[in-house]
Amino acid sequence: MYVSELGEQFHRARLRPDIVHLDSAAAGRSSNAVIGVISAHLWRESERGSYIAAEDRAEEIARDKRDLASLIGHTADELAFRESARAALRALLTYWNLPISTTVWVAKNEFGPNLVEFERRGYAVRPLPDADIDGHVDTDALENMLQFEQPDFIHICHIGSASGVVQPVTRIVEVAHAAGVPVVVDMAQSAGQVPTVTGADIVYGTSRKWLTGPRGVGFLAIRSDALRPVEVESSEAFVAGRLGLGVAVSEVLAIGQQRVFRELAAIGRHTRERLDGIGSWEVLERPEEPSAITTLAPPPGWQPSDVAAARDKLRSLGILVTCADSWRAPLATEQSVLRISPHLDVERKDLDRLADALRTMGY
């Protein structure tokens, strides 16, 4: 029995995996239709030539841009494609005319590689205070801070790589804009999983996770009044992948994005309730956190290498999860956790199988 009412529909659109796939936060499973349109375009490129094949699909690409832009709260003319979320961030920071001594404020769930990009450019990075033990940004404290000091921009990971916590981005944007500070949002983990129309000035993300599009396609959207026009579109276009992403987005819109978000939040709650305390593994998110990502802290006394070994053991049993090491969120934690990220087609027996395996590896 599927956890989600949409599970059977999501399953029918895809090949049945030969593993228990609980790792959509790494890469979701594309539908047969997504794979089909990618394959068809690659054959078309071979038959007609790459540039002509792309011209033949110009209207589809324009429509796909409009669909994706509507999902993330921007317009099609503000949207550009890159190869990945990280490539999108690098392009932004390369072409954005920021001061030499740039200051950026971040949430404590900030993705480690993003911090590397800031630090290698000499930016002064300041973490924002938490409102609770879960790590949500304290927007009241932020509002107070902005009365006395303003950074050049605020950068927020909507959902981080090592936690299912959803940051209150819409409120952060409201508070920042009242102080004249632009907000950049990393939507790598949130696009396709939670509502992403936030009013942010700049957003970027990837195709391959919750949208279940192909690898090799990322996006960057810059609101037209946020900064002077910059050319950030990748010149080396993976057109087949972009068409595949377009199909993936159209599938979300056809189901109804709000319905998808509700179903994934319900899956997150069910996963946390099913796994908490099994074998002394501790769920770190509250049950009501509106995401499908669950992270498990290991039993007391375990080392990071033990968590990695648990992941490997699970893989040997045919269960795919991620060991989220501290480098993914170095401002928030020093421990490694297991990250569980099922999509709509997760079955109750999948979570039971995982729970049984965890029980044998815990106390």
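This is a predicted model: local features need pLDDT of at least 70, side-chain atom pairs count only at pLDDT 80 or more; totals for chains, interfaces and linings use all residues.
H10 gives the most, with five residues. Sorted by class, that side of domain 1 has 16 nonpolar, seven polar and six charged residues.

Let's step back to the two domains themselves. The domain assignment places 6–22 + 256–360 in domain 1 and 33–253 in domain 2. Taken over C-alpha atoms, their centres are 24 Å apart. Domain 1 puts 29 residues into the contact, and domain 2 puts in 31 residues.

How much area is buried between domain 1 and domain 2? The figure is about 2400 Å², and carbon and sulfur atoms give 58% of it. Within domain 1, the residues that lose the most area to domain 2 are Gln257, Phe261 and Leu331, which together account for 24% of what that side buries.

Now for the charged pairs. One salt bridge is counted between domain 1 and domain 2.

Across the whole structure, a search finds 23 salt bridges. One of them pairs the side chains of Asp23 and Arg339, at 3.8 Å from N to O. This pair links distant parts of the chain, 316 residues apart: Asp23 lies in the loop between strand S1 (20–21) and helix H2 (32–48), while Arg339 belongs to strand S13. Both Asp23 and Arg339 are buried.

Another pair to visit is Lys108 and Asp130, whose side chains meet in a salt bridge at 3.9 Å, N to O. Lys108 sits in the loop between strand S3 (103–106) and helix H6 (112–120), and Asp130 in the loop between strand S4 (124–127) and helix H7 (139–146), 22 residues apart. Lys108 counts as partly exposed because its relative accessible area is 28%, and Asp130 is partly exposed at 29%.

Finally, look at Arg121 and Glu117, a salt bridge whose closest N and O atoms are 2.8 Å apart. Through salt bridges that share partners, Arg86, Arg90, Glu117, Arg120 and Arg121 are joined into one network.

Methods:
Residues are numbered from 1 along each chain as its sequence is written. Side-chain values use heavy atoms; hydrogens and water are left out. Domain bounds come from an automatic or database domain assignment. Contact means heavy atoms within 4.5 Å. Buried area is the accessible area (1.4 Å probe) that two parts lose on being put together, summed over both. A salt bridge is a side-chain nitrogen of Lys or Arg within 4 Å of a carboxyl oxygen of Asp or Glu. Helices (H or I, at least four residues) and strands (E, at least two) are DSSP runs, numbered from the N terminus. Ala, Val, Leu, Ile, Met, Phe, Trp, Tyr, Cys and Pro count as nonpolar, Asp, Glu, Lys and Arg as charged, and the others, Gly among them, as polar. Buried means under 20% relative accessible area, exposed over 50%, partly exposed in between (1.4 Å probe, protein chains only).
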